[in-house]
Amino acid sequence: MTSLLEARGLAKSYDARAVLSDVDIAVAQGEIVTLIGPNGAGKTVLLRILLGLEAADAGRVERKPGLTIGYMPQKIEIDANLPLSVARFVGLAGRYTKTQIADALAETGIAARREAPIQALSGGEFQRALLARALLRRPQLLVLDEPAQGVDVTGQDALYDLLARVVARHGCGVLLVSHDLHLVMARADRVVCLNGHVCCTGKPAALGDDPAFAALFGARGAASVAVYRHRHDHEHAVCADPAHDHGPHGHRHG
Amino acid sequence: MDDFVLRALAAGLGLAAIAGPLGSFVLWRRMAFFGDALAHSALLGVALGFLLHVDVNLGMVAMCVAFALALTGLLARSRLAPDTLLSISAFTALSAGLVVLSFLDTVRVDLIGYLFGDLLAVSPSDLVWIWGGALVALAGLAVIWRPLLATTVHADLAAVEGTRVGQVRLCFVLLLALVVAVAAKIVGALLVTALLIVPAAAARRFARSPEQMAVGAATVGALAVAGGLGASLLLDTPSGPSVVLTASLLFALSLL
């Protein structure tokens, strides 16, 4: 597999307080990498450095030449005084035709809301609009920061299903930040636990046995992994890459 | 009609044409306080213009631009809340302007005119400044329109998509400084922000797109200039405040 994005030895501090130290992370083509970690673990800072929005104090980020990134930021508040339709918001991604914008909105299932003011969308609809804007760029890498935030529980499942379908269709790599261990475990190819540094990394199911993971997420976190193991056989049909290597864990029922 | 009335109308309409679109962005970017701080520095520009024997209009533009750049730098580095920093800067600049003017014994400055504007005192050379400034600012705004809109909606997202966010923001701040300096002459340093904010706010309810709001704001501004000027002539009221009051009236009507 070729790397879309590879970072080595990243470090960042604010006011002499180290937020990240010696972080290595890579995303390969077609791979879903999930970044988890407690609040204040530096997930957002790491994402910002990888996206080029902030400079690291040390280390380097290498991107595949000509890499196109689709980005779904965590929180967007758009001033109520700005009259902006959904289609127009999505079209801000660059110079795109009406047909291209309509196709992107149809792909994420909000074609019917195209003329609605962007501020009128529900949490789930807004995430779909953001995804449509990201897809418009035909990204090779999707970077998603807490995509299920502000979405109700049933909406979250639907959103993750949509994400999985879209990723499979476009064959793009994914770097995802999420709090939701349960969903993370069901979908990721690889999980990276961050707490200032990379605590552990590996296939989702293997992490439940990792003491570093248990220390970070406690018994409930480990339980999420156990649930995942039971349900895995029924869920992997929606994974982005059906041919990906499951390893031995699929047959273990912890 | 008298020449000075036509000049006043032409000056006001030129200003309304740029204040509408630019003011819409000030509203969307929540930069009203920033614009107001810039306007407070205009008087210092007037004072320095007299002191250094350069054109007063040039002094105001140079001062507003320098002040805008300094404020942008301070805001990026300071730990103070932005409104605290902007307030301190605004009142410092205004007071410095008044103090410097007091040193100029030989010059009689129409202070009320500079603070509250005097549309009816616009000279032919002022008119050139106003229309020149308005056209330059309109052209500049047209060039950065799309990236500025993307940056306004979400700067990080725009940056990942390839927009040069820093450059776009800088251009906007420079355009704002230019327009504030030019407008300070007409409606006065203390009322400039009203001309940016009120017409844009009045146009909001009727706009379905950013462009409609910009054009609507320019239209409301033009109506406010015409109405305010008429009232000023008819009732012998001060012209700057009359224009602002007319704009406020139109805003109130837009809410009905």
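The radius of gyration is taken here over C-alpha atoms, and the globule rule used for comparison is 2.2 Å times the number of residues to the power 0.38. The exercises below concern a predicted model.

**Exercise 1.** Compare the radius of gyration of chain B with that of a compact globule, and then describe the extent and burial of the chain.

*Solution.* Begin with the chain length: for 256 residues the rule puts the radius of gyration of a compact globule near 18 Å, and because chain B has 18 Å, the two agree. Next, take the extent of the C-alpha trace of chain B, which spans about 55 × 40 × 30 Å along its principal axes. Finally, turn to burial, where a residue counts as buried if 20 or more other C-beta atoms lie within 10 Å of its own; by this criterion 52% of the 256 residues of chain B are buried.

**Exercise 2.** Work out how chain A is divided into domains, and characterise the side of domain 1 that touches domain 2.

*Solution.* Start from the division, in which domain 1 of chain A takes 3–68 + 139–251 and domain 2 takes 76–138. The contact between them involves 10 residues from domain 1 of chain A and 11 residues from domain 2 of chain A. On the domain 1 side, helix α5 (residues 153–170) of chain A gives the most, with four residues.

Technical notes. Residues are numbered from 1 along each chain as its sequence is written. Chains are lettered from A and ligands numbered from 1 in the order in which they are written. This is a predicted model: local features need pLDDT of at least 70, side-chain atom pairs count only at pLDDT 80 or more; totals for chains, interfaces and linings use all residues. Domain bounds come from an automatic or database domain assignment. Two residues are in contact if their C-beta atoms, placed from the backbone, lie within 7 Å. Helices (H or I, at least four residues) and strands (E, at least two) are DSSP runs, numbered from the N terminus. Ala, Val, Leu, Ile, Met, Phe, Trp, Tyr, Cys and Pro count as nonpolar, Asp, Glu, Lys and Arg as charged, and the others, Gly among them, as polar. A residue is buried if 20 or more other C-beta atoms lie within 10 Å of its own, exposed if 12 or fewer, and partly exposed in between; C-beta atoms are placed from the backbone.
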